[in-house]
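Please find below a short note on the model under review.

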Amino acid sequence: MHIVFYSIYEVLIKAIPETLLSVYGVFLLSKTKISFKKYLGLCLIHFSSIYLLRSICISTGAVTLFNLLITVIAFKILCNTEIFKTLISAFIMIIIVLVSELIGFMLLGWLYDTERIQILLMDPFGRSICGIPSTVIFGSIVLLIKLLMNYTFKNNIKAKG
């Protein structure tokens, strides 16, 4: 079995911010009350599961499915959430990450030629830097979801009151 190790750059610049955003997004979409301790615990579980699953070199799709399952189970155990709500929320977060990655790589393709992108992706630091646009896009979408949910909540209260 071949084990993959990630650089500190990839962990700090890409993995940790995406973990924080993904878990926060699942809390938002599932309308689960956020507890700081539970949030940190879920982030640790999410980050650890992704890191361990990726390090055993299974396909990306399998990593995604296993992580989805782990996220749903962890939310059920730690937050006592409805499984279906959490499953849908986590699945939406996965789709948002994929769309963000696609847009990020389209931006890279627009800025650099293929040869330059390949050179950047060979270096752990370069790969981390190339991932920043998609993480910013992902964070922006999560923020937009938060703002839309707050706006909808406030309008529902005004309509009832």
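The numbered points below take these topics in turn.

1. The model is predicted, and the remarks that follow should be read accordingly. Two packed helices are described by the angle between their axes and the distance between the axes. For helix H2 (residues 36-55) and helix H3 (residues 60-79), the axes come within 10 Å and cross at roughly 155°. Since angles over 145 degrees count as roughly antiparallel, H2 and H3 are therefore roughly antiparallel to each other. Their crossing is right-handed.

2. On the H2 side, the residues that meet H3 are Lys-38, Gly-41, Leu-42, Ile-45, His-46, Ser-49, Ile-50, Leu-53 and Arg-54. Their counterparts in H3 are Val-63, Phe-66, Asn-67, Ile-70, Thr-71, Ala-74, Phe-75, Leu-78 and Cys-79. By class, the residues of this contact comprise 11 nonpolar, 5 polar and 2 charged.

3. Cys-79 lies in helix H3. Its relative accessibility is 15%, so Cys-79 counts as buried, the cut-off being under 20%. Apart from neighbours within four places in sequence, Cys-79 is in contact with Phe-27, Thr-32, Lys-38, Leu-42 and Ala-74. Leu-42 is 37 residues from Cys-79 along the chain, and their C-alpha atoms are separated by 9.4 Å.

4. Helix H4 (residues 83-111) has 29 residues, which at 1.5 Å a residue should span 42 Å. The end C-alpha atoms of H4 are 42 Å apart, in agreement with that expectation. Among the buried residues of H4 are Ala-90, Met-93, Ile-94, Val-97, Glu-101, Gly-104 and Leu-108.

Technical notes: Residues numbered from 1 in each chain as written. Predicted model: local features only at pLDDT ≥ 70, side-chain atom pairs only at ≥ 80, totals over all residues. Heavy atoms only, no water. Axes fitted to C-alpha atoms, helices over the stretch in contact; angles between N-to-C directions. Helix = DSSP H or I, 4+ residues; strand = E, 2+ residues; numbered from the N terminus. Parallel < 35°, antiparallel > 145°, perpendicular 65-115°, else oblique. Left-handed = near helix turned anticlockwise from the far one by under 90°. Contact = heavy atoms within 4.5 Å. Nonpolar A, V, L, I, M, F, W, Y, C, P; charged D, E, K, R; others polar. Expected span 1.5 Å × (residues − 1). Buried < 20%, exposed > 50% of the residue type's maximum accessible area, 1.4 Å probe, protein only.
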